[in-house]
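Come along while I look things up one by one.

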Amino acid sequence: MRVSAATGIARILKQEGVQWVSTFPVCCVNNALGEEGIPMIMMRDERYAVAIADALSRVTGGKQIGVCTVMGGLNPAGLQIAYGALAQAFEDSSPLLCIADGMPPGSEGSLHYDLTRSFHDVCKWVGHINEPERVPELMRRAFTYLRTGRPGPVLITVPRALGEYDPEAYPYWPVKGWHSVPDPTDVSAAAKEVLAAKCPLIYAGEGVFYADALDELRQFAELVQAPVLTTLKAKSAFPEDHPLSIGVRGEPAVHFLEACDLVFAIGTSLSVRHFRHAIPDAAHKVIVQCTVDELDVNRSYAVRHALVGDAKLALRALVGKIAAQIGSVVSSRGETHRNGALVAEIADQKAQFRAKYAPLLASDEVPLNPYRVYGDLMKVIDPHSSFVTHDSGNTRDQLSTVYQALIPRGFLGWGNVSTLGFSLAAAAAAKLAYPQRQCLNVTGDAGVGYMLGNLEALVRHEIGVTTIHINNGGFAGYGPGFWGSGHDPYTCEVCEHAVADMSEAARAMGCYAEDIVQPTEIVPALRRALAENEAGRPAYLEFICRQYPVFGAWASPATRAKA
Ligand SMILES: Cc1ncc(C[n+]2csc(CCOP(=O)(O)OP(=O)(O)O)c2C)c(N)n1
Ligand SMILES: [Mg+2]
């Protein structure tokens with residue numbers, strides 16, 4: 001029986017295991033989605049429709065592909081707003097599918113800009129369905145690119161009333177995605193190099209999540225006995241209470257990055273960016289990089305060995321090679337592959353680090369020290385069944401410094417380019433993916449401005465997450481003089497809580513909400529919020545804080561002279 005193009009797309013999404021689609025508020029496939037029984041989460045703008053789909057892909061490591069629909073075609077108001085969110089997904093390599101109305105046949109050139117061309121810069125691939133029979137073909141290509149190689153967003157456009165096709169004549173079956181094994185000679189060379197190193201360090205990126213390689217990462221680290229550093233986006237890929245974990249940022253990470261003679265980078269582009277460590281003295285270190293994308297190789301650093309392929313398959317091959325050799329070949333690091341001295345050194349580094357932050361986590365200051373909020377948060381939530389994410393600004397820098405992530409995606413770090421407000425979408429997507437978990441997003445004042453309207457969507461869909469607003473009265477990182485003279489007092493201060501009461505606004509939109517001024521009130525307030533979440537009600541806690549711009553360092557490229 002023939003079906004409309006939109007119905008064909010909806011059925012294909014079901015075949016691909018898509019459980020819900022986010023939207024705002026129209027797209028030519030939405031009627032078919034509803035008719036075919038795919039629930040829609042309607043956010044309050046396209047940025048969040050894209051962001052929640054993006055976040056679903058991130059928090060599930062691509063096991064569930066986030067899908068969203070937005071307005072396009074001759075009135076592409078929706079696509080225009082979606083552009084920024086797609087750019088973020090592209091920059092962060094997140095595989096989501098965005099479906100938009102396409103330009104009606106013959107209307108090309110009616111807009112001042114070329115809708116079909118504009119999105120090529122921020123999508124891994126753009127497909128335009130111009131015949132109903134091409135629905136399976138273009139959807140097959142979309143899911144192939146979403147599940148194979150470097151992850152990234154895909155845009156499909158489909159004009160309204162495109163017509164019908166026969167699914168028997170043009171069948172569809174789900175796309176599994178394909179993985180490639182690195183060249184075995186490269187694996188041998190890398191294994192040899194790792195064994196020869198005196199102080200190897202593992203630098204793991206988010207690619208290990210998408211490759212489902214967390215067990216292999218741990219096995220590899222334990223076998224070679226190397227400290228494990230994760231990028232911000234990979235935080236929680238390796239348990240941060242593991243004796244080999246050196247976290248994401250701060251002195252322990254800097255210490256081992258400076259001391260190491262080999263960096264084994266896995267699932268990371270190794271780009272030189274704002275929110276990550278550089279490799280100090282890189283010219284005098286051996287860099288081995290395993291990446292799915294050859295465009296990352298020799299990009300920011302000269303790489304001695306590259307393993308181009310899937311992180312899971314690469315690690316398995318390496319573990320096999322090294323385990324076979326380690327019995328007979330004595331590595332330069334000692335007679336066995338257990339390195340007690342290294343474990344003690346990591347423990348010592350971490351103890352010094354903890355000693356620096358422990359007083360802050362227990363601070364009794366009023367206005368609150370934001371670290372006290374994080375300290376109490378870590379006491380209240382279940383680290384084995386929760387999800388925490390930061391926003392852009394100090395919340396990112398502070399939380400990525402002290403939050404201890406124990407389970408995969410118990411924490412989502414994000415942002416090659418970090419766009420304010422994303423944390424709400426991330427927490428909501430995590431709650432939808434893991435309904436049994438406590439899900440919280442921590443945001444500063446600027447992030448709230450982006451989120452407010454979207455709190456209503458969470459109330460409507462009964463997505464019980466807690467938003468923690470660290471109200472420090474302004475944009476802490478952008479204080480007077482930060483950008484030179486002239487911007488102050490215009491661009492860093494916002495109204496104080498008594499004037500612009502954000503928790504009151506959240507309450508008015510249906511959230512459970514509180515203001516917290518006293519340190520002793522933090523724990524009870526968090527408990528009340530989490531209890532509300534259990535009943536499916538989002539909560540908003542506004543903590544009246546001081547500005548406290550203290551957080552862990554990133555290693556710089558500069559060489560440190562070593563004795
Ligand atoms: C969409 C977007 N625009 C601009 C920025 C740049 N930016 C990063 S942090 C920040 C201000 C953060 O202030 P606030 O939310 O109050 O957090 P605080 O640092 O005070 O904790 C700005 C403007 C951004 N990250 N995203
Ligand atoms: Mg602020």
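The entries below follow the order in which I looked.

**Entry 1: ground rules**

I am working with a predicted model, where local features need pLDDT of at least 70 and side-chain atom pairs count only at pLDDT 80 or more, while totals for chains, interfaces and linings use all residues. Residues are numbered from 1 along each chain as its sequence is written, and chains are lettered from A and ligands numbered from 1 in the order in which they are written.

**Entry 2: domains**

I looked up how the chain is divided, and I found domain 1 (3-165), domain 2 (184-345) and domain 3 (362-544). These bounds come from an automatic or database domain assignment. I then checked domain 1 against domain 2, and their C-alpha centres lie 36 Å apart. Six residues from domain 1 and six residues from domain 2 make up the contact, where two residues are in contact if their C-beta atoms, placed from the backbone, lie within 7 Å. On the domain 1 side I noted one nonpolar, three polar and two charged residues. For these classes, Ala, Val, Leu, Ile, Met, Phe, Trp, Tyr, Cys and Pro count as nonpolar, Asp, Glu, Lys and Arg as charged, and the others, Gly among them, as polar.

**Entry 3: nonpolar cores**

Which residues touch the most other members of the largest nonpolar core? I found Ile9, Val50, Ile52, Leu86, Cys98 and Ala429, in a core of 118 residues. A nonpolar core here is a set of buried Ala, Val, Leu, Ile, Met, Phe, Trp, Tyr and Cys residues joined through C-beta atoms within 7 Å. Buried means that 20 or more other C-beta atoms lie within 10 Å of the residue's own, exposed means 12 or fewer, and partly exposed is in between, with C-beta atoms placed from the backbone.

Helix α15 (residues 422-433) gives the most to this core, with ten residues. Helices (H or I, at least four residues) and strands (E, at least two) are DSSP runs, numbered from the N terminus. Domain 1 (3-165) and domain 3 (362-544) both contribute residues, so the core lies between them.

**Entry 4: a parallel sheet**

Next I traced an open sheet of six strands, ordered β15-β14-β16-β17-β19-β18, with parallel pairing. Two strands pair if DSSP finds at least two bridges between them. β15 and β18 (512-516) are the edge strands, each pairing on one side only.

What does β14 pair with over four bridges? The partner is β16 (residues 438-443), in the parallel sense, and there threonine 389 stands opposite asparagine 441. β14 also runs parallel to β15 (residues 411-412), joined by two bridges, and in β15 the bridge partner of threonine 389 is leucine 412. One step along, β16 and β17 pair in the parallel sense over four bridges, with threonine 443 opposite histidine 469 in β17.

**Entry 5: the ligand shell**

How many residues surround ligand 1? I counted 17, and the closest are Gly393, Asn394, Gly444, Ala446 and Ala476. A residue counts as near if its C-beta atom, placed from the backbone, lies within 6 Å of the molecule. The elements giving two or more residues are α14 (394-402) and α16 (445-460), and α16 gives the most, with three residues. By class, the shell has six nonpolar, ten polar and one charged residues.

I found a cis peptide bond joining valine 366 and proline 367, with omega about -5°. Proline 367 is in the loop between α12 (340-361) and α13 (370-380). The bond from aspartate 488 to proline 489 is also cis, with omega near 10°, and proline 489 lies in the loop between β17 (466-471) and α17 (502-508).

Leucine 270 is not a glycine, yet has a positive phi of about 60°. Leucine 270 sits in the loop between β11 (262-266) and β12 (286-291). Is leucine 270 buried or exposed? Leucine 270 counts as buried, because it has 24 C-beta neighbours inside 10 Å. Arginine 409, also not a glycine, has a positive phi of about 55° and is found in the loop between α14 and β15. Arginine 409 has 21 C-beta neighbours inside 10 Å, so it counts as buried.
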